[in-house]
Amino acid sequence: MRNYWIKLLVFCLLLGAVPTLFIGLFSYITASQDVKDKVQAANMLVLQQTEMQVEQMLHTLEDSVTQFANTALVQEAFHQSLTNEDFITVRKLTNEMANLRSSADIKDTYIIQFEKEWAIHFAALRKLQELPNLDEFEAYASESKGLMWNTRAKTQPAAQTEPGSDNSMDALEVPEETISLIYKLPLLAGTDKPEGMIVVRVMSDEIRRVLTKSKELGNSYILDASGQMFLSSASEKREYAEINHAIREQISDTSSSSGFFNTKSGGQKLGVSYRVSNYNDWVYVSVSSIAAVTKESQSIGLMTIAVCVSILLLVAAISYFGSQRMYKPIRYLTQLTREANEESDMMEQKDDLVLIQEGIQALASTKSKLKHVMQGQIRHLREFFVIKLFTGQLSEEELIQRTDMYGFPREWEHLLVFAIQIDDLSYTRYADEDRELLLFALNNIVEELLPPDRRFSPVLLGGTQITLIANPEGSKEEILNYAAEQAEMIQAKAMEYLQLQISIGVSRPFHNIADAVIAYGESLEALRCRNSLGSGMIVRVEEIDKRASGETAVYGHLKPLEEQMVHSLREADLEKTIGMLDQYLSAVLHKNSYVKERRILLLQLMMRILQIVQEQGIPVHKIIEGEKTIERFLKLQTHEEIRSWFEHRLLTPIASILQERQESQFVSAAEKIVSIIHERYDQELTLEAIAAELHFHPVYLGRVFKKEVGRTFSDYVSEFRMKMAKHMLETTNMKISEIGEKLRYKNISAFIRAFRKMYGSTPGQYREERSSSRMDTEGKSVDHA
C-alpha cells in the first residue's frame, strides 16, 4: 500500500496550489486597483490642469478689464454726459475696448453709465434707453457683487431696431453662446445701484477648447456656481443631469473640494471625478467609462491566469517527483520491515506508517533488552571513559554527553586530579609482582572513601591510581583543603589495611573538564618531586613552583619590564612599547641560564599582550589568525625574527586599534563639554564639576579638551560668554551690569575689562557704535526712498 505517498502528494499539491491561487488573485485585484487609481489620479490631474488654464484665462481678462477701468480715460469719461459731439473720446474708448481682444476671444464689450444714461459698444455711443438688452444689464446691477461672471447664454432680443438705422448698436444680439464678465463702477462690494458697469462677453469656445474628450481620460465639462452645464449642448445636459445632481449632493454632504465616485448611466458604468474651484465655485467634472479603464486590467488578468496555470503545472511536477523522493526513505524502511517480518502477506495489507511504527516498537523492545545487558558492563564503560578523558581522546561534545550518560557529577565549580603511587616496597611484605594487585586494592579504597557525587570513577593508568574530584561550589581554597583531607584519609586507610606507604600528587584546581589532561600531567609532575622530598608525601603542584626559587627570581627580574610594556601599550605609545620589547628580548635571548625557559617566557608575554586585547573587548581573531600563527611563532629562531613578529603582528595592530578608540573617546568628550558650555554659559561652570558629571578625571579631561578644541577650558568659556555678551548688547536693552551678572561676573569692572580685552572697546562704547551704525543705515535708506 502506498497510502502515505498519496497523502504526501496531495499535501504538496495543496501547499503549492493554494498560495499560487491566492497570490494570483491578490496580484490581479491589486493590479486592477492600481490601474483604476492611476486613471483616477490622471483624471484629477487633467481637471486640475483644466482648472488652472481656465482660471488663468479668467484672471487675465479680469486684470485687463480692471486695468482698463482704472485708466484716466475711462475715469474721466465716466463722469461726463457723453454725446455724439464727444466722438474723439468715444473713439479713444472704443480703441481701448478693442485692445481687450488680445486677452481672450471677446464677442462684445459694453461701457454703461446708468446715471448719465449713455452706453458705448465697440464702435458707437448710444442712449441707455435704446439698449435692446437693458433689462439684462439692470439685472446685473442689482447683484451684490462688484465683479462677477455670468454663464447664462444670451439670445437675440425680441425688440427690433428701426430699419435703415446707421447706429451699430443694433447688432447687440448674441447669436453664439457666451459668458459675461460684469465689472461695476465704482468697484464696491455689496452695492446694487452702481453708477455704471463694464460688460465683456467672451466666446464659450475659448474655454471649451481647454476641455478634454478621450476614451482613456473620458469627457470633461464645467458646472457653474448654480450647477448648470453652461458650455455643453442640450443633449449632454440631459445625458449628465443625474450625474450633476449626484455631484451637487456629494459636495453638499461632504463639503469636500474634490472627489470621485462610481455611477451608472445608460446601462454603462462610469467613474466621475470632480474638483470645486475656490475662485468662482465652478465645478470641473471628468466622466470616464469604467470599461475603458478596466480594459488594461483584463489583459493583466489573462496574463495572471497564464502565469498561475504555468506555476500550478510546475508545482504539480515538483510535487510528484518531490513526493517520490521524500517517500523513498519511507519505502526503504517499509521494505526492511517487511523483510524482517516473516508474515509478509499480512504486512502487505497494512499502511506504511503503521508498519514502520510496529518495526520501531520492536526495535525499542530489543534496545531495552540490550540496555539491561549493558548495565552489568557500566562500570567498565565508566572507567574506559575516564581513561580516554585523561589521555585527551574525547571532544567537548562527547565529554558533556557521556558525563550525563554515565551518571557522573553534572555541575561543579572546580575540578582537581589526584595521582597516587606506591612508594618503595623493599621493606614491606610485598614483592614487585604484587604492585598491580596493590594498585587495584588502592583503587577500591579510593572508590569506597570518596562519595560518588564528588568524584568520577577512579582508574589505574600507567602504574598510577588517578581520581578526578569535583567540587560543586566554593572557592579554590575550599577544594584544596578538601583534597588535603581526603588525601590524608586515603594514606591512613592504605597504611591501616595494606600496611603500605603511598605518595599523592595534587593538581591545580580547574573548571573546564577538557583541562583534565593538563591536570593529570600536573599531578604526575608533583609526584616526581617525592624523591627529593621523601616518601609518604602529599605534594601540590603549587609547592613545586614555590621551591623553584631560581626560576622565580628570573621571572621576578622580567616582570617589571613586562608590566611597563603592557602599560605603554595601553597608552597606545607604540614607540615606548617597542623600546621596552627590545629590553625584554635582550634579557631573555642573551642569557644562557634562560635557554630552557625562552619559549615559555615568550609565550607568556604574547598571552599577556593578548589579554589587553580581550580586556578592551576586541576579538582576538582580529590580531592573530588561529593556530597557524602560534605554530609560526614557535618556529622563530633569531632575535630579529622574534622582534619583527612581535612588532608587526602584535604590537602595531593593537596600538593602532587602541589609538583609534582613544581618539574617538577624546572627540566625544570634547563635544560633550562644548555642548554643556553652550547650554549653561549663564551658570557657574567648572572643569571639576563637568568631569564629575562625565565620570573623568579633571586633569585628563582638561588635556583632552585642549587637544581637540585648541584652547583651554577657561579660555573657551570666557570667549563664548563674550560672544553672548556681544549678542545681548546688539539685540536686547539689558543693562551692562545685568549682562555681566547673567554671565557670572562678580563685579561690573571685571566684565568690562574682559570685554575690552577681546573687542577693544567697553560694552557701552560697543552698544553706542552699533546704535550709530544702525541709525546711519536707516537714514540712508530713507534718503534713497
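Me: Which residue stands opposite Ile198 in β6?

Reply: Ile111 does. This is a predicted model: local features need pLDDT of at least 70, side-chain atom pairs count only at pLDDT 80 or more, and totals for chains, interfaces and linings use all residues. Residues are numbered from 1 along each chain as its sequence is written, and side-chain values use heavy atoms, with hydrogens and water left out.

Me: How many bridges pair β1 with β6?

Reply: Seven, in the antiparallel sense, between β1 (residues 106-113) and β6 (residues 196-203). Strands are DSSP runs of E, at least two residues, and helices are runs of H or I, at least four, numbered from the N terminus. Two strands pair if DSSP finds at least two bridges between them.

Me: What is the strand order in the open sheet?

Reply: β3-β2-β1-β6-β5-β4, six strands with antiparallel pairing. β3 (125-127) and β4 (147-150) are at the edges with a single partner strand each, so one side of each has no neighbour in the sheet.

Me: Other topic. Is Thr577 buried or exposed?

Reply: Thr577 counts as buried because its relative accessibility is 0%. Buried means under 20% relative accessible area, exposed over 50%, partly exposed in between (1.4 Å probe, protein chains only). Thr577 belongs to helix α20 (residues 574-589).

Me: What does Thr577 touch?

Reply: Leaving out residues up to four places away in sequence, Thr577 touches Met565, Ser568, Leu569 and Leu651. Contact means heavy atoms within 4.5 Å.

Me: And which residues of α16 are buried?

Reply: Ala516, Ala519, Tyr520, Glu522, Ser523, Leu524, Ala526 and Leu527.
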